[in-house]
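These are my notebook entries on one structure, kept in the order in which I looked things up. The model comes first, then the entries.

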Amino acid sequence: MAPPATPTVWPGSEHPLGARCRTGPGRVAGTNFSLWAGGAEAVDLCLFDDDGTETRLPLTEWTHEIWHGFVPGVRPGQRYGYRVHGRWDPWTGARFNPAKLLLDPYARAVDGEFSLPPEVYGHVRDWPERHVADTVRDDRDSAPYVPKGVVLHDEAPGDEWRDDRRPKTPWADTVIYELHVRGFTRRHPGIPEELRGTYAGLAHPAAIEHLTRLGVTAVELLPVHQYAHEEHLVRRGLRNYWGYNSIGYFAPHAAYAASGTRGQQVTEFRRMVRALHAAGIEVILDVVYNHTAEAGEFGPTLSLRGIDNRAYYRLPSDARGYTDYTGCGNTLHVVRPQVLRLITDSLRYWVTEMGVDGFRFDLAAALARSMHDVDMLSPFLAVISQDPVLRRVKLIAEPWDVGSGGYQVGAFPPLWTEWNDRYRNAVRDFWRGALPDVRDLGYRLSGSSDLYSWGGRRPYASINFITAHDGFTLRDLVSYHQKHNEDNGEFNRDGSNDNRSWNCGAEGESDDPDITALRRRQMRNLLTTLLMSTGVPMLVAGDEFGRTQGGNNNAYCQDNETSWLDWSLPDTPDGRALLDLTTRLLTLRRTHLVLRRRAFFSGRPHTDDGLRDLAWFRPDGQEMTEPDWYAPAATLTFYLSGRDIPGRDAYGRPLTDASFLIVLHASHQPADITLPGPPWASAYTTVVDTTDDDQSTAPERRYEGGQTLPVAARSALVLRVERG
């Protein structure tokens, strides 16, 4: 689209920020442009024809540090960017360079891809004295090599969007499914080829059918904000696949759109959300507000660095560099009002105009820092807690960063849930036989009350997970002892060395039937543990049918079959059996309140029969005593009582449910356990026995209370309680 033949700039308004188009009867059609650039000396609005011809329009109005103007005749589809003038003095943090075209941080759509030739850097990359290269300004034009913002209609979404109904799933009933838009759909045979790898592909009935059949209630999408690829990856012929390198906080990543990149990606994303909502599935975004794709002082100048480097980023006393709490070269200075406004405006936009239901905040501790230390009274957390829109959506913290004092598991305030890596570590260690005792495991299985029972928080403050996008898949967790990241091109130095995995006797794929059978059972053990635990479970896409990444535990740059889900696996006997087990466990969880508790266990009787709401048993059938928690143990048996669940239904009636006995046995040797007899139970029936390869054909077994039961090595049992 071409700009007006003879564009003029009217004063316009400083609010709202970004490019806002207005049309309609009685109004002059055009677009208001507004950019915060507090330290700038001048700002040029740059409009681009389809052939790349640039028209520069100075914005002369400056109100409250915001440069603004209204351009009549500029309509939706117009591509634009900014050039910002000011001092070049990297030694004091000033990095203004009008030769660099900058992406509007409020752009709601982005057209084109970032490439990384020397022209996109504000400094001379090939300066002979490398250690000071970032201080020498590069005056070459970057416009041909960077994407542009796109003007959108500034109207409410159409009728097809207005009838959207959010599922509003209560936290206690939530099951999260972490997936990558491209990786989930790229190889799905039921999705048309032209839609694979896109938002439209995820909205396709074939994709949604798998999610609904499985029984998850929310998808957590790996980053879908517009992002850029890092220089070191481009040099090696790789790409950033995960997307944790954001540069546009309002724009859905254009490469995931099947319909176009001149604003069509916004409509496509909204339709995806609507389709998922119609299936009862919430949409949670993994968001990266802790750093941007501009990296450290030797990184490219794409947006915020050129708009006002000193205002947007945390700088040390030597302002030439950056304070890095993220491991990615820079950290956004969230304490500053304009940065806080950028983030909260973005969050509200995704909720109110794009329909999403919540957010998982990458390295959330970096956002909670005040001037240096992590502060749970920080401006960011305070603003979120009182915001009438944001305080009502699902908020998930990754409660750490890489800076000093950054590990904050259990410390985030009410309203927040947290990725609980202590759950992950305890469960992995138990099933590989590495726990010295079961004290920590007991807390993790029962909702982590030691971490979350303060401030009115509930068990669902704990997001329980065993695997996530970073780290081994479930299958690799039981197939590899060490990471195998050679394909990343970093000589296997990247990725965590703390995998807490066990390969069951052979490294990697094996044709030994004993090893493969043990691996299948270990996967069943881990899934059973996760889905029978109190808290909110999170599954990773593909774990339900045994996907592998070949031992790569950091596949962030593997945009290929290493990361894409292999949809032939659910059709194999092993994949189908694991999928059936996962579905069975999720159905069990969905139909039993005792597995979705809204309050912590007290460990005390709540009824006249004197039964505790949670009881722990030794293998001899007697309740555990204090010393038992400190003794080495490979077997843990716990009783979940459904007789008197805290809370009432909508009509004020008591909540009751079935009771369950769960047996986790991690030893390499079989064992005999005595099932608790009356008053706990007169009998038990099997619901899940992980020694059965195929749960769909496994017989239901009945055992008497007080009976001694042989338990196979490395196995788990879920038993429903019967009372005589």
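Entry 1: The model is predicted, so I note the terms: local features need pLDDT of at least 70, side-chain atom pairs count only at pLDDT 80 or more, and totals for chains, interfaces and linings use all residues. Residues are numbered from 1 along each chain as its sequence is written, and side-chain values use heavy atoms, with hydrogens and water left out. Helices (H or I, at least four residues) and strands (E, at least two) are DSSP runs, numbered from the N terminus.

Strand 11 covers residues 148-150, and its pairing with strand 7 is antiparallel over two bridges. Two strands count as paired if DSSP finds at least two bridges between them. I then looked at strand 3 (residues 42-48), which pairs with strand 7 in the antiparallel sense over seven bridges. In that pairing, L45 has Y82 of strand 7 as its bridge partner.

Strand 7 itself spans residues 79-85, and six of its seven residues are buried. Buried stands for under 20% relative accessible area, exposed for over 50%, and partly exposed for what lies in between (1.4 Å probe, protein chains only). Y80 has 1% relative accessibility and therefore counts as buried. Y82 is buried as well, at 0%.

**Entry 2: aromatic rings.** A pair of aromatic rings is described by the distance of the centres and the angle of the planes. I used this rule: rings of Phe, Tyr and Trp (its six-membered ring) pair if their centres lie within 6.5 Å; planes under 30 degrees apart are stacked, over 60 edge-to-face, and the rest tilted. The count comes to 33 aromatic pairs.

How are the rings of F33 and Y80 arranged? Their centres are 5.2 Å apart and their planes stand at 65 degrees, so the pair is edge-to-face. The pair links distant parts of the chain, with F33 in strand 2 (residues 30-36) and Y80 in strand 7, 47 residues apart. Both F33 and Y80 are buried. Y80 also pairs with Y82: the centres are 6.0 Å apart and the planes at 85 degrees, so this pair is edge-to-face.

Elsewhere I found one aromatic cluster formed by Y106, Y199, Y227, F250, Y256, F269, Y349 and W350.

I also checked charges over rings (NZ of Lys or CZ of Arg within 6 Å of the ring centre and within 35 degrees of the ring normal). The charged end of R360 lies over the ring of W419, 4.0 Å from its centre. For R369 the ring is that of Y325, and the distance to the centre is 4.1 Å.

Entry 3: My grid terms are as follows: on a 1 Å grid over the protein atoms alone, a cavity is a set of points where a 1.4 Å probe fits but cannot get out, and a pocket is an open set with protein on both sides within 12 Å along at least five of seven lines; lining residues have an atom within 4 Å of a point. Grid points are joined across faces, edges and corners, and a volume is the space filled by probe spheres set on the points.

There are nine cavities of 30 Å³ or more. The largest cavity holds about 190 Å³. Its lining has 19 residues, with H180, H469, V540, R547 and Q549 nearest the centre. Strand 12 (176-179) and helix 2 (181-185) are the elements that give two or more residues to this lining.

The second largest pocket has a volume of about 620 Å³. Of its 27 lining residues, W171, R391, R392, V393 and K394 are the closest to the centre. Strand 18 (394-397) and strand 19 (416-419) each supply at least two lining residues.

**Entry 4: backbone.** I noted a cis peptide bond between H15 and P16, with omega about -5 degrees. P16 belongs to the segment before strand 1 (18-22). The bond from P678 to P679 is also cis, with omega near 5 degrees.

E65 is not a glycine, yet its phi is positive at about 70 degrees. E65 sits in the loop between strand 5 (61-63) and strand 6 (66-72), and is partly exposed at 37% relative accessibility.
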